Amino acid sequence: MNIIITSLFVQDQNKALEFYTETLGFVKKEDVPAGEFRWITLVSPDDQGGTELLLEPNQHPAAKDYQSKIYADGIPATMFGVPNVQKEYERLMKKGVKFTKEPTEMGEVTLAVFDDTCGNLIQIVQK
């Protein structure tokens, strides 16, 4: 069994697509109509056959509630691995990304947390 797709609730699919591709650097894999919304998946540019990130509309009341509550509590919605947190932090800061936690060493891990502008906190981690 493999993880092939993981979902991330977003407030606005267009805004999320722009942020995740233009700011973070993910590659759009699929973008097809799905009723009033779209099935939008992204992949890492370094592993385009790997796990896909689905930009899931948060239109269901439970999704909105979940998203807003974990955001308010400072809990990241997901985590992305990077080779060097400090370098990624500096690159994203230059692009105007707002961080809620600067690079921090925690044992064998270095992490930072930023706001994705679409209702989520995202953690980047270097192991």
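Helices (H or I, at least four residues) and strands (E, at least two) are DSSP runs, numbered from the N terminus. The views below show a predicted model, in which local features need pLDDT of at least 70 and side-chain atom pairs count only at pLDDT 80 or more, while totals for chains, interfaces and linings use all residues. Residues are numbered from 1 along each chain as its sequence is written, and side-chain values use heavy atoms, with hydrogens and water left out.

View 1. The largest pocket has a volume of about 530 Å³, a volume being the space filled by probe spheres set on grid points that are joined across faces, edges and corners. On a 1 Å grid over the protein atoms alone, a pocket is an open set of points where a 1.4 Å probe fits, with protein on both sides within 12 Å along at least five of seven lines, and lining residues have an atom within 4 Å of a point. Of the 25 residues that line this pocket, F26, S44, P45, F80 and G81 are the closest to its centre. Strand 3 (37–43), strand 4 (52–57), strand 5 and helix 3 (85–94) each supply at least two residues of the lining, and the largest share, four residues, comes from strand 5.

View 2. Four strands form an open sheet in the order 5-8-7-6, with mixed pairing, where two strands pair if DSSP finds at least two bridges between them. Strand 5 (78–81) and strand 6 (99–106) are the edge strands, each pairing on one side only, and the twist averages 20° from one strand to the next. Strand 5 and strand 8 (residues 121–126) run parallel and are joined by four bridges, with M79 standing opposite Q123 in strand 8.

View 3. Strand 2 (residues 27–34) pairs with strand 3 in the antiparallel sense over seven bridges, and E30 stands opposite T41 in strand 3. These two strands form a hairpin with two residues between them, and G35 in the turn has a positive phi of about 70°. Strand 3 is also joined to strand 4 by two bridges, the two running antiparallel, and here T41 stands opposite L54 in strand 4.

View 4. A search of the whole structure finds eight aromatic pairs, counted where rings of Phe, Tyr and Trp (its six-membered ring) have centres within 6.5 Å, with planes under 30 degrees apart taken as stacked, over 60 as edge-to-face and the rest as tilted. F19 and Y20 form an edge-to-face pair, at 5.5 Å centre to centre and 75° between the planes. Both F19 and Y20 are buried, a term that means under 20% relative accessible area, whereas exposed means over 50% and partly exposed lies in between (1.4 Å probe, protein chains only). One aromatic cluster is formed by F19, Y20, F26, F80, Y89, F99 and F114.

View 5. T110 is found in strand 7 (residues 109–115) and is buried, with a relative accessible area of 17%. The C-alpha atoms of T110 and F80, which are 30 residues apart along the chain, are separated by 12 Å. T117 lies in the loop between strand 7 and strand 8, where T117 is partly exposed, with a relative accessible area of 36%. Although T117 is not a glycine, its phi is positive, about 70°.

Terms used: Axes are lines fitted to C-alpha atoms, for helices over the stretch in contact, and angles run from 0 to 180 degrees between N-to-C directions.
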